[in-house]
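Reader: I am new to reading structures, and I would like a close look at a single part. Please keep it brisk.

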Amino acid sequence: MKRYFITGLLIWVPLGITLWVLNLLIGTMDQSLTVLPAEWQPEAFIGMRIPGLGVILTLLVIVLTGMFGANFFGQKIIDFWERQLIRIPVVKTIYGSVKQVSDTILSGNGHAFRKVLLVRYPHPQAWSLAFQTNVPNEVARLLPDEHVAVFIPTTPSPVNGFYFYVKKSEVIELNMSVDRALKNIVSMGVVSAEARPGIQ
């Protein structure tokens with residue numbers, strides 16, 4: 001019975017968590033319908049609530065915003081709007097930081113998490129997976145040797161972690177993709193679909 005119970009858990013737990021996350025995402029995106037006037041709500045026409053219509057509206061708004069921002073006229077308006085935002089003291093700090101991170105990660109032109117490294121952490125006899133980021137010029141000028149900036153995510157939530165600078169000679173660069181490293185971190189090393197990665 002114990003073996004059957006564990007087997008059942010292995011089937012239902014991943015499925016249940018997946019459905020819970022999807023329900024959370026769809027429910028959150030469905031909230032976009034609340035910005036519409038009451039007479040424009042789908043329930044006013046159909047007479048019932050249909051889950052998922054907010055997702056379609058959200059995706060449509062994102063795509064249309066991207067199309068608008070991709071042309072010359074749209075870029076001018078967005079630039080003007082951003083210049084107004086960065087004049088507000090508190091908003092300037094929050095918006096500027098978030099925009100820099102999102103531009104680096106999403107644009108594909110930045111160097112966020114381009115390399116997976118092994119660094120000695122939390123003590124000299126231990127190794128941890130880390131992602132290489134960028135060292136600010138102000139910091140690089142003050143460091144005597146060549147350093148790399150590393151971000152060590154925590155397990156099982158990789159959105160939190162530690163950020164510091166390490167001598168380049170003291171890190172090991174792995175021939176491992178960022179996606180695979182994240183899977184390894186989130187699963188606490190349980191998921192390992194491929195053979196042990198080579199070391200460059």
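What percentage of the 200 residues of the chain counts as buried?

Author: Of the 200 residues, 20% count as buried. Buried means under 20% relative accessible area; exposed means over 50%; partly exposed lies in between, all with a 1.4 Å probe and protein chains only. This is a predicted model, so local features need pLDDT of at least 70 and side-chain atom pairs count only at pLDDT 80 or more, while totals for chains, interfaces and linings use all residues. Residues are numbered from 1 along each chain as its sequence is written, and side-chain values use heavy atoms, with hydrogens and water left out.

Start with the parts list. The chain has seven helices and five strands. Both are DSSP runs numbered from the N terminus: helices are H or I with at least four residues, strands are E with at least two. Read from the N terminus, the order is α-α-α-α-α-β-β-α-β-β-β-α.

Now the sheet. Two strands pair if DSSP finds at least two bridges between them. Strands of a sheet pair through backbone hydrogen bonds, either parallel or antiparallel.

Look at one pairing up close. Strand β3 covers residues 147-153. With β4 it forms seven bridges, in the antiparallel sense. At one spot, I152 faces F162 of β4.

What sits in the largest nonpolar core? It has 10 residues: V116, L118, L129, F131, F151, L174, M176, V178, A181 and I185. A nonpolar core is a set of buried Ala, Val, Leu, Ile, Met, Phe, Trp, Tyr and Cys residues joined through side-chain atoms within 4.5 Å. Two or more residues each come from β1, β2 and α7. Helix α7 gives the largest share, three residues. Take A181 as an example. Setting aside neighbours within four places in sequence, A181 is in contact with V116, L129, F131 and M176. Contact means heavy atoms within 4.5 Å. Another core of eight residues lies apart from that one; L117, V119, V150 and V171 are among its members.

Now for charge. Side chains of opposite charge can pair when their charged atoms come close. The whole structure holds three salt bridges. A salt bridge is a side-chain nitrogen of Lys or Arg within 4 Å of a carboxyl oxygen of Asp or Glu.

One of them joins the side chains of K115 and E173, at 3.8 Å from N to O. K115 sits in β1 and E173 in β5, so this pair ties together parts 58 residues apart in sequence. K115 is partly exposed, with a relative accessible area of 35%. E173 is partly exposed too, at 28%.

Another links K167 to D145, with the closest N and O atoms 3.4 Å apart. K167 belongs to strand β4, and D145 to the loop between α6 (137-140) and β3, so the pair ties together parts 22 residues apart in sequence. K167 is partly exposed, with a relative accessible area of 32%. For D145, also partly exposed, the value is 40%.

There is also the bridge between K168 and E146, whose closest N and O atoms are 3.6 Å apart. K168 lies in the loop between β4 and β5, and E146 in the loop between α6 and β3, so here too the pair ties together parts 22 residues apart in sequence. K168 is partly exposed at 44% relative accessible area. E146 is exposed, at 55%.

Last, step back to the whole chain. Of its contacts with a separation of 6 or more, 37% are between residues 24 or more positions apart.
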